[in-house]
Amino acid sequence: MDMLWNGWGDPAKAAPLPETVTGLLRDLLGVEPRSTPALGLADIRPPAPTASRAALRALAAAVGDEHVRTDGESRVRHTRGKSTPDLLRIRAGDVSDVPQAVVLPATHDEVLAVLRACAAHGLAVVPFGGGTSVVGGLAPQRSLFVALDLRRMNGLLDLDPVSRTAVLQPGLRAPEAEALLAGHGFTLGHFPQSFEWATIGGFAAARSSGQASAGYGRFDEMVLGLTLATPEGTIDTGRAPRSAAGPDLRQLILGSEGAFGVITSVTVRIRPLPEVRRYEGWRFGSFEEGATALRRLAQDGPRPTVLRLSDETETLVGLAQPDAIGADPAQGGAGCLAIAGYEGTAEDTAYRSERAAAVLRDCGGTPAGTEPGERWAHGRYSAPYLRDALLDAGAFAETLETAAFWSRVPELYTAVRTALTDTLTRAGTPPLVMCHISHVYENGASLYFTVVSAQGADPVAHWTPAKHAANEALLAAGGTISHHHGVGTDHRDWYVREAGPLGVSALRAVKRRLDPEGLLNPGVLLPTD
């Protein structure tokens with residue numbers, strides 16, 4: 001099944017907002033329904049491909065005629081990603097940066113052949129997994145490009161139960177990967193909000209972080225080896241669990257977002273399937289109080305598998321449990337809701353839960369039972385569908401995220417909220433700004449912000465100054481430009497400042513060696529020359 005072309009996920013799961021929520025949006029934020037009728041996929045007519053016949057023949061020679069698609073629907077479905085500006089533009093019929101063709105290789109060698117063909121004919125290449133990028137990662141700065149859809153590379157190539165490793169192909173979607181591993185009694189333990197649609201290759205390319213990162217780690221911590229296809233040949237990394245044989249080349253590939261090559265296989269660490277999964281809710285009087293509790297668990301233990309904290313606003317409106325929005329006006333409750341989840345053996349989860357409860361109580365937490373935790377687990381992938389419903393209702397809704405050391409988290413939280421609120425209020429669309437901590441470390445944590453406002457006359461132009469102001473604020477407050485969404489084109493200019501001139505120069509040198517013609521996702525991660 002393909003993802004909804006002008007929204008998120010499975011069209012059957014899309015649902016309108018309850019009347020209570022649309023009324024709240026109207027009364028609180030001045031949101032009014034859009035009067036422009038919605039366009040259907042049949043209404044979108046992309047320009048005809050301008051790539052030469054010789055280029056298309058070369059692509060067909062690499063993967064077979066039936067695996068080069070130039071029809072309008074295939075090309076529209078591979079246009080940009082799933083950020084709010086991406087969706088607003090495609091809903092308005094803007095497909096000005098549609099790919100010339102969609103190419104579907106099945107093997108590493110076919111990927112190499114496609115890269116050679118594109119180099120010979122001057123076509124840029126954008127690797128395409130689940131299409132879930134929310135930072136402009138699928139919007140290259142080149143008009144002549146092809147989308148390299150990796151869905152046919154969707155297998156489990158090897159599983160070593162002794163070493164607890166698996167070799168996965170990049171086009172394997174996360175649910176399929178979990179099902180294949182579960183058949184052998186294992187799990188990857190990587191469950192980001194994009195879980196239902198994102199792919200293994202995308203997780204590696206964007207340094208993804210899943211909702212169970214407190215227990216299983218980020219995806220880049222799970223990766224033991226990678227194979228990369230480049231216009232100049234192949235790079236294989238990771239022949240041992242750890243090595244002191246020079247710099248770790250995996251770290252050049254992880255987070256490279258297709259700018260250095262195409263990931264064609266990933267060797268990952270796997271874990272036994274847990275016997276028990278238990279999710280509990282806790283209440284704190286303030287975000288500061290709850291953050292202190294999370295820090296203590298992250299630093300001194302016991303660390304739950306899942307650990308997250310919604311601020312007062314997110315808790316009040318119910319976004320801490322997205323599938324319950326509008327079900328009960330009082331269901332959000334006062335204070336801040338925290339979720340602590342435990343996975344493993346029955347004995348281990350009970351032990352960790354009991355010990356963590358003592359810490360949470362000592363920090364001022366009040367237990368709320370398993371119902372809030374189980375409700376969160378049930379609706380953990382619902383938020384993107386809620387974003388689509390908000391857009392349909394005439395609201396603007398977008399997210400951004402960052403991370404910082406614990407001592408900087410309070411300042412960062414205030415700075416980003418203030419930047420978003422001030423900028424959008426000056427534009428005449430005062431926002432509702434919410435935040436949660438969803439990933440914790442011994443030394444710091446991530447902050448994930450959700451912004452809802454009226455759309456304004458031009459929604460994309462309305463959002464751009466606010467996004468820029470937030471980026472400036474988070475860098476000034478000591479945060480990173482991205483904790484787990486990646487860089488793409490949206491964060492690129494701030495990433496260049498974060499990395500520094502010499503760091504960027506070193507990365508440019510790597511790109512020139514691996515991609516001398518600059519064909520791989522041009523303008524993503526690094527500015528084009």
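Tutor: The buried residues of helix 6 pack against strand 5, strand 6 (165-168), strand 7 (186-187) and helix 7 (200-205), where contact means heavy atoms within 4.5 Å. Helices (H or I, at least four residues) and strands (E, at least two) are DSSP runs, numbered from the N terminus. This is a predicted model, in which local features need pLDDT of at least 70 and side-chain atom pairs count only at pLDDT 80 or more, while totals for chains, interfaces and linings use all residues. Residues are numbered from 1 along each chain as its sequence is written, and side-chain values use heavy atoms, with hydrogens and water left out.

Student: Which residues of helix 6 are buried, and what makes them line one face of the helix?

Tutor: In helix 6 (residues 174-182) the buried residues are Ala174, Ala177, Glu178 and Leu181, buried meaning under 20% relative accessible area, exposed over 50%, and partly exposed in between (1.4 Å probe, protein chains only). Seen down the axis of helix 6, these residues fall within an arc of 100°, and therefore they line one face of the helix; the arc is that of the directions from the helix axis to the C-beta atoms.

Student: How do you know that the span of helix 19 is close to the expected one?

Tutor: The expected span of a helix is 1.5 Å times one less than its number of residues. Helix 19 (residues 501-514) has 14 residues and reaches 20 Å from its first C-alpha to its last, which is close to the 20 Å expected. Its buried residues are Val504, Leu507, Lys511 and Leu514. They cover an arc of only 90° around the axis, so they sit on the same side of helix 19, whereas Pro501, Leu502 and Arg513 are exposed on the other side. The buried residues of helix 19 are covered by elements including strand 8 (223-230), strand 9 (233-237), helix 10 (250-253) and helix 18 (492-499).

Student: Why is strand 9 called an edge strand?

Tutor: Two strands pair if DSSP finds at least two bridges between them. An open sheet of 5 strands has the order 5-6-10-8-9, with antiparallel pairing, and its edge strands are strand 5 (156-160) and strand 9, since each pairs on one side only. Within this sheet, strand 8 and strand 10 (residues 262-269) are joined in the antiparallel sense over 6 bridges, and Leu226 has Val266 in strand 10 as its bridge partner.

Student: What makes strand 16 and strand 18 a pair?

Tutor: Against the requirement of at least two bridges, 11 bridges join strand 16 to strand 18 (residues 444-454), and the two run antiparallel; Thr402 stands opposite Leu447 in strand 18. They belong to an open sheet of 7 strands in the order 15-12-14-13-17-18-16, paired antiparallel, with strand 15 (366-369) and strand 16 (395-405) as its edge strands. Helix 17 (residues 459-476) lies across strand 16 and strand 18, running at about 10° to strand 16. For such angles, axes are lines fitted to C-alpha atoms, for helices over the stretch in contact, and values run from 0 to 180 degrees between N-to-C directions.

Student: Why is the contact between Arg91 and Asp392 called a salt bridge?

Tutor: A salt bridge is a side-chain nitrogen of Lys or Arg within 4 Å of a carboxyl oxygen of Asp or Glu. In Arg91 and Asp392 the closest N and O atoms are 2.7 Å apart, and the pair forms a salt bridge. Arg91 lies in helix 4 (residues 84-91) and Asp392 in helix 15 (residues 383-392), so the pair ties together parts that are 301 residues apart in sequence. At 21% relative accessibility Arg91 counts as partly exposed, while Asp392, at 53%, is exposed.

Student: How do you know that Glu343 is buried, and what does its side chain meet?

Tutor: Glu343 has a relative accessible area of 6%, and so it is buried. Its side chain meets that of Arg277 in a salt bridge (3.5 Å, N to O). Glu343 lies in strand 14 and Arg277 in strand 12, so this pair ties together parts that are 66 residues apart in sequence. Arg277, with a relative accessible area of 39%, is partly exposed.
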